[in-house]
Amino acid sequence: MEHLSLVIFTVLAQCAAGLLVVTGVIQLMSGNVLTTGNLRLLNRHYVLALVILGAALIASITHLGQPFRAMNVIYGLFHSSPLSMEILAISAFGGALLLFTGFQVRTMQQNALSRNLLILTVLLAVALVQAIANVYTLSAVAAWDTSLTSLQFFRSALTIGSSLAALLIAGSHGRLGDLRAVAGKVTVVAGITALLLVVIIAMTFGGHLAGLAITGSAGATPLYLHSGLMLAGLLCWIIPTIKGWSSFMGAAVGLALVVAGEVMSRMYFYDLLHAQVL
Amino acid sequence: MAQYGFYFDSSRCTGCKTCSLACKDFYDISVDRDWRRIYEYGGGDWEQNKDGTWEHNVFSYYTSISCNHCDSPACVKACSTGAMHKREQDGLVAVDQDRCIGCQYCSMACPYGAPQYDAEKKVMSKCHGCFERVAEGSKPVCVDACPLRALDFGPIDELRAKYGSEASIAPLPDAGMTSPNLVIKPNVHAKPSGDKSGSVQNSREVK
């Protein structure tokens with residue numbers, strides 16, 4: 001597949017952003033129940049988000065024909081190239097995440113400054129997902145020239161981010177203490193939001209492509225397959241979490257299904273480029 | 001300085017592809033790239049008349065397109081390094097291969113398929129209007145090579161005064177998208193941009 005490195009880059013970057021948003025909201029809503037033990041467990045999420053973001057950056061560089069000239073993207077900022085803005089967004093998000101994670105890992109406490117830095121990092125994560133969407137919302141590519149492109153990318157961030165957060169929480173084996181209730185609520189809300197986005201996109205994207213006479217011989221079947229995998233994966237952990245069960249296996253299977261669905265969906269997205277007339 | 005552009009006479013073009021091959025030969029372009037692409041746009045079907053007789057409305061024509069050196073070039077706006085640029089002296093759009101990082105974003109952004117990745121040099125490449133030949137007073141290689149004299153090149157104001165200003169012919173996108181410096185004399189069967197009655201018949205040749 002021609003743009004496989006971009007599939008990996010966008011999925012991983014959105015995963016990191018989604019994981020940070022979900023975990024950041026958990027921490028911001030936790031109030032006084034944050035203990036050193038809780039922070040240690042939440043720090044694992046932040047470190048993992050950093051690792052995933054690093055992997056995303058490596059994937060993006062492998063896409064370049066001249067990776068050693070990568071710094072030339074700075075010149076693109078002068079005319080606001082969407083790609084240069086995307087690199088700026090990922091740098092800002094990565095920098096803020098590194099700063100915040102470094103502080104919290106080192107001090108094992110939260111103060112007003114680190115709390116504000118976390119809020120900023122959450123906002124930068126959202127900005128990053130939109131910046132990536134801006135790159136692909138091109139008038140020259142009819143299949144991508146729609147608000148559904150942004151929606152798909154936010155869907156990816158939430159489906160994988162919430163599923164990964166759920167897995168990490170399930171893997172904490174009850175050590176979250178009082179934070180468990182907040183964590184459960186936030187991940188379920190994120191998961192249900194993701195679920196709604198999956199359904200909305202499944203119902204509308206096929207129609208958008210059909211209107212452009214782009215859908216191939218398989219019709220909308222691939223879209224339903226991707227969405228089905230995501231839905232199944234999300235329900236694998238949302239239902240147990242709502243019922244108050246802690247199921248590591250459910251979360252693991254759920255994450256695997258969601259990632260499979262999202263990767264397949266992203267490959268389908270990039271393949272739409274070949275449907276261009278010229 | 002003058003803005004240069006191309007004129008293409010679709011009523012003369014036979015789709016021989018001499019223009020494309022002349023360019024490939026002159027610039028030693030690899031097999032997988034075409035700085036000038038000839039799209040065969042065709043369609044139509046049989047229709048039954050009220051009296052039971054059948055008629056067909058099958059059509060086909062060629063559009064020879066390189067880079068249109070647009071007034072609002074999508075590739076330049078997209079370029080993440082500024083390597084893709086519009087020259088001030090002649091308005092031709094060219095890529096600085098020493099700055100290009102080969103991200104291929106320009107090829108996604110261009111609605112005409114002009115920027116193409118050079119897998120050997122690992123940077124982007126495209127029609128640059130033969131600006132070196134133009135500076136010497138010659139025309140681009142493709143224009144001189146056309147045996148039907150279906151191509152012309154010059155200051156776009158002169159071309160428009162001589163041939164009109166039509167550029168929105170299928171399978172090309174509407175000219176309002178990037179304001180191409182291109183004038184087309186439509187084929188008798190020409191369809192407007194956005195037409196759905198036909199399709200590109202030689203997609204494997206031009207992709």
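**View 1. The mixed sheet β10-β1-β11 of chain B in the predicted model.** Three strands form an open sheet in the order β10-β1-β11 (chain B), and the pairing is mixed. Strands (E, at least two residues) and helices (H or I, at least four) are DSSP runs, numbered from the N terminus; two strands count as paired if DSSP finds at least two bridges between them. β10 (151-155) and β11 (182-185) of chain B are the edge strands, each pairing on one side only. On average, neighbouring strands of this sheet are turned by 20° against each other, direction ignored. Five bridges link β1 (residues 4-9) of chain B to β10(B) in the antiparallel sense, and F6(B) stands opposite F153(B) in β10(B). Helix α6 (residues 156-163) of chain B packs on the sheet and touches β1, β10 and β11 of chain B. Contact here means heavy atoms within 4.5 Å. The direction of α6 makes about 125° with that of β10(B); axes are lines fitted to C-alpha atoms, for helices over the stretch in contact, and angles run from 0 to 180 degrees between N-to-C directions.

This is a predicted model: local features need pLDDT of at least 70, side-chain atom pairs count only at pLDDT 80 or more, and totals for chains, interfaces and linings use all residues. Residues are numbered from 1 along each chain as its sequence is written, chains are lettered from A and ligands numbered from 1 in the order in which they are written, and side-chain values use heavy atoms, with hydrogens and water left out.

**View 2. The antiparallel sheet β5-β2-β12 of chain B.** This open sheet has three strands in the order β5-β2-β12 (chain B), with antiparallel pairing. β5 (59-65) and β12 (198-200) of chain B each have a single partner strand, so one side of each is left without a neighbour in the sheet. From one strand to the next the twist averages 25°. Strand β2 (residues 37-43) of chain B is joined to β5(B) by seven bridges; E40(B) stands opposite Y62(B) in β5(B).

View 3. The peptide bond between A170(B) and P171(B) is cis, with omega about 10°. P171(B) lies in the loop between α6 and β11 of chain B. D28(B), in the loop between α1 (18-27) and β2 of chain B, has a positive phi near 55°. Most residues other than glycine have a negative phi, and most peptide bonds are trans.

**View 4. The interface of chain A and chain B.** 32 residues of chain A are in contact with 33 residues of chain B. The buried area is about 2300 Å², of which carbon and sulfur atoms give 61%; this is the accessible area (1.4 Å probe) that the two parts lose on being put together, summed over both. On the side of chain A that touches chain B, α3 (73-76), α4 (82-107) and α5 (112-136) of chain A each supply at least two residues.
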